[in-house]
Each structure stands twice: as structure tokens, then as C-alpha cells.
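Trainee: Could you walk me through reading a sheet and its surroundings?

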Amino acid sequence: MKEKWSRWVPIENLVGKYDIKHIRHDMNSCEILLTNYHNKQENMRVTFDKYPLSFKVCNESLRVADINYLSDTYGDEFYVDWNFFKIIDSLYVQALSNQSYGFFKEEYFTHFVFMDADTILDVVATDEPKIEI
């Protein structure tokens with residue numbers, strides 16, 4: 001089964017591309033601070049109030065197969081000027097479910113992806129995050 005990526009619009013009228021500035025997590029939450037690529041004074045804070053079940057951070061050079069999949073399936077314009085995505089039928093979520101011997105059911109999770117020029121951040125959570133500009 002192929003993953004299905006979709007653009008995620010975390011807030012209405014979102015304009016611009018963002019860079020991941022920092023990621024902070026503790027046992028209760030995960031916070032991602034992003035900076036507007038064109039206006040470094042504008043920040044976006046994404047907070048998962050419930051600690052996400054899993055997240056991974058990779059240099060984009062380790063995810064070339066994913067980037068090629070996006071280009072081949074959706075075209076470069078799908079992701080080049082956009083940072084926020086959700087994945088349906090996620091291989092990452094499937095792997096987590098398998099590792100838990102099915103205790104965690106895939107249908108209860110959302111796979112969020114944050115991409116910038118150098119970094120791909122995957123977050124698997126049960127709830128939508130809180131967004132602040």
C-alpha cells in the first residue's frame with residue numbers, strides 16, 4: 001500500500017515557507033518553533049499538548065527516496081514551497097503498530113510531517129497540535 005501525502009494547512013491563510021528553528025520535548029508535550037523563511041521576525045509555535053507517541057528528525061539527504069516519491073507522485077510544486085503535511089497509510093505508523101504487536105491501532109494516529117530545506121520531522125500523535133503565530 002502506498003502512502004498518501006496531503007498538504008496540511010495548520011491555520012487559515014497561512015502564507016510562506018518556514019524553517020525549523022528548534023524542537024523541545026519533555027514527558028508532557030512537544031513544541032516545534034518555526035521561523036518564516038522570508039520574514040525571520042515571524043515565528044510559528046506548534047505544540048502537541050499530549051506527548052506525541054513518536055517523532056523522528058532526519059537530515060533531508062537521508063530521505064531522498066521520500067523526496068523522489070513526492071516529486072514523481074505529486075510534482076515538485078507540491079512540496080518545494082510548503083512545509084506541512086499529513087500522511088495516510090503511513091509506513092512509519094504501520095511500523096509503530098507492528099512493534100507494539102497491534103496494541104496501538106493505526107487508525108487512532110495521525111502522521112504529521114514538517115519539512116524545511118535541510119530537515120524532515122515526522123510526528124505521530126493522537127491529537128491535532130495547537131498553533132500560534
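This is a predicted model: local features need pLDDT of at least 70, side-chain atom pairs count only at pLDDT 80 or more; totals for chains, interfaces and linings use all residues.

Trainee: What is the strand order in the open sheet of 4 strands?
Mentor: In general, strands of a sheet pair through backbone hydrogen bonds, either parallel or antiparallel. Here the order is β2-β3-β4-β9, and the pairing is antiparallel. β2 (18-25) and β9 (130-132) each have a single partner strand, so one side of each lacks a neighbour in the sheet. On average, neighbouring strands are turned by 20 degrees against each other, ignoring direction.

Trainee: How many bridges join β2 to β3, and how many join β3 to β4?
Mentor: Count 7 for β2 with β3 and 6 for β3 with β4. β4 and β9 are paired over 3 bridges.

Trainee: Are the residues of β3 buried or exposed?
Mentor: Side chains in a regular strand alternate between the two faces of the sheet. In β3 (residues 30-36), 7 of the 7 residues are buried, so the strand is largely enclosed by the rest of the structure. One side carries Cys30, Ile32, Leu34 and Asn36, the other Glu31, Leu33 and Thr35, and both are covered.

Trainee: Which residues make the nonpolar surface patch?
Mentor: Leu53, Phe103 and Phe104, giving about 330 Å². Phenylalanine 104 lies in the loop between α2 (91-99) and β7 (110-115), and its relative accessible area of 37% makes it partly exposed.

Note on methods
Residues are numbered from 1 along each chain as its sequence is written. Side-chain values use heavy atoms; hydrogens and water are left out. Two strands pair if DSSP finds at least two bridges between them. Helices (H or I, at least four residues) and strands (E, at least two) are DSSP runs, numbered from the N terminus. Axes are lines fitted to C-alpha atoms, for helices over the stretch in contact, and angles run from 0 to 180 degrees between N-to-C directions. Patches are made of residues with over 30% relative accessible area and no salt bridge: like charges are joined within 9 Å, nonpolar side chains (Val, Leu, Ile, Met, Phe, Trp, Tyr) within 5 Å. Accessible areas come from the Shrake-Rupley method with a 1.4 Å probe; for residues, only the protein chains shown count as cover. A salt bridge is a side-chain nitrogen of Lys or Arg within 4 Å of a carboxyl oxygen of Asp or Glu. Buried means under 20% relative accessible area, exposed over 50%, partly exposed in between (1.4 Å probe, protein chains only).
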